[in-house]
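Dear colleague,

I am handing over the structure we spoke about, and below it I set out what was found. Please keep it open beside you as you read.

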Amino acid sequence: MNARILLIEDKAGLLNTLKSLLELHDYSVITARNGEEGLAMAIRHLPDLVISDIYMPVINGYELLDRFREHPALCKIPVLITSAKKEDDEIEHAMRKGAAGYLVKPFVFVHLHEQIKKALKKNQQS
Amino acid sequence: MDSTHTSKSSTLLSNASNILAITAHEFKTPLTTIASIVDLLSIKLQADRYMNPFYEEQLSRITSEIFSLNNMLDEMLTINNIMSGNFEAKKELLYVEEQILPLKEQFRSLTDDHKTLQITMSGTPCKILANSGQLTRIFTNLFSNAFKFSRKNAPTVHLSYQEKALVITVSDDGIGIPPEDLPHLFQPYYRGSNTNGIAGTGLGLTIVKTFVTANDGEITVSSEPDKGTVFTLAFRYPDTYQ
């Protein structure tokens with residue numbers, strides 16, 4: 001069965017393009033436009049992996065990571081963070097909150113795909 | 001009256017600095033969207049068997065320009081942080097070659113003619129006290145310039161571990177810098193009079209100079225038009241500080 005990915009991004013252009021790219025690589029993709037909607041989608045669909053932006057309305061990526069870690073059904077789901085911020089403290093902050101990976105914008109899809117495969121493999125092994 | 005003006009100017013500058021930082025970061029999402037659209041087009045052209053060397057080259061050029069634009073944004077952000085006094089100062093003891101070696105790969109993949117940075121060393125390696133991120137930025141900017149301007153030979157970097165200091169030279173055989181430009185080289189937005197048509201913001205060397213100084217180092221430049229340029233950096237070892 002193909003992995004199901006929840007993509008959370010408030011910019012529609014990027015959300016739709018990444019969705020198409022992931023679907024071309026045979027992933028099943030569900031989407032949300034902010035952290036709150038993403039959290040609800042995660043609880044409903046229990047995806048294999050989440051890709052989330054950090055700076056979004058309602059619940060930001062950091063809060064989302066906290067909510068995931070606190071939720072018994074979501075705490076094992078790997079969350080990859082994408083952000084325009086490349087400062088070490090931002091990356092460390094996200095990783096401390098349990099992110100499975102951090103990708104600095106702009107990125108090329110091949111790098112995102114590498115992180116997806118790595119996170120899914122690690123999660124399967126654990 | 002004067003203090004009110006100073007306070008207002010300072011608030012305006014701070015607001016302008018924040019607006020610039022927010023705007024530069026906001027640009028990065030559309031850049032990611034464009035890069036992703038290029039990836040999507042490339043995959044679809046391959047899948048539909050329409051891809052050919054011409055399309056491949058043009059798509060690769062778009063991606064390359066996206067990352068050039070991103071580098072310009074990063075330079076603007078760094079200068080903005082420097083001007084507002086907001087940049088990292090955490091220093092640690094480190095070996096400079098450990099900062100430089102990963103960059104060798106980065107620059108190899110970015111050049112069309114597969115030139116590789118030539119790294120040589122002399123003396124016994126010693127640690128210096130510096131900020132790792134700032135050192136990486138210093139060398140990224142210097143190597144980027146060296147690759148941009150070099151002609152026949154690959155740029156070289158030599159690390160000379162001398163008695164009291166590490167002296168690093170970064171050399172290229174490029175177009176050189178006219179003597180009248182040398183005194184202004186590290187000023188923000190200053191670009192050499194012979195760099196028309198060559199991409200750049202004029203901020204890279206200002207960042208280099210600021211970060212070298214912030215790490216208690218010194219930088220000098222010597223250059224000859226049509227022969228090349230040598231940047232020399234010196235960082236004293238921590239046990240020689242007085």
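UniProt, in an unreviewed entry, lists A:Asp53 for "modified residue: 4-aspartylphosphate"; UniProt positions are given in the numbering used here, feature names are shortened, and annotations may be inferred rather than shown by experiment. Please bear in mind that this is a predicted model, in which local features need pLDDT of at least 70 and side-chain atom pairs count only at pLDDT 80 or more, while totals for chains, interfaces and linings use all residues. Residues are numbered from 1 along each chain as its sequence is written, and chains are lettered from A and ligands numbered from 1 in the order in which they are written.

A:Asp53 lies in strand E3 (residues 49-53) of chain A, where helices (H or I, at least four residues) and strands (E, at least two) are DSSP runs, numbered from the N terminus. A:Asp53 counts as buried because it has 26 C-beta neighbours inside 10 Å, the cut-off for buried being 20 or more other C-beta atoms within 10 Å of a residue's own, with C-beta atoms placed from the backbone. Leaving aside neighbours within four places in sequence, A:Asp53 is in contact (C-beta atoms, placed from the backbone, within 7 Å) with residues including A:Asp10 and A:Thr82.

Between the chains, 16 residues of chain A are in contact with 16 residues of chain B. Helix H1 (residues 12-24) of chain A supplies the largest share of chain A's side, seven residues.

As for chain B, it has five helices and seven strands, and 25% of its 242 residues count as buried.

Best wishes

Technical notes
Buried ≥ 20, exposed ≤ 12 C-beta atoms within 10 Å, placed from the backbone. Contact = placed C-beta atoms within 7 Å.
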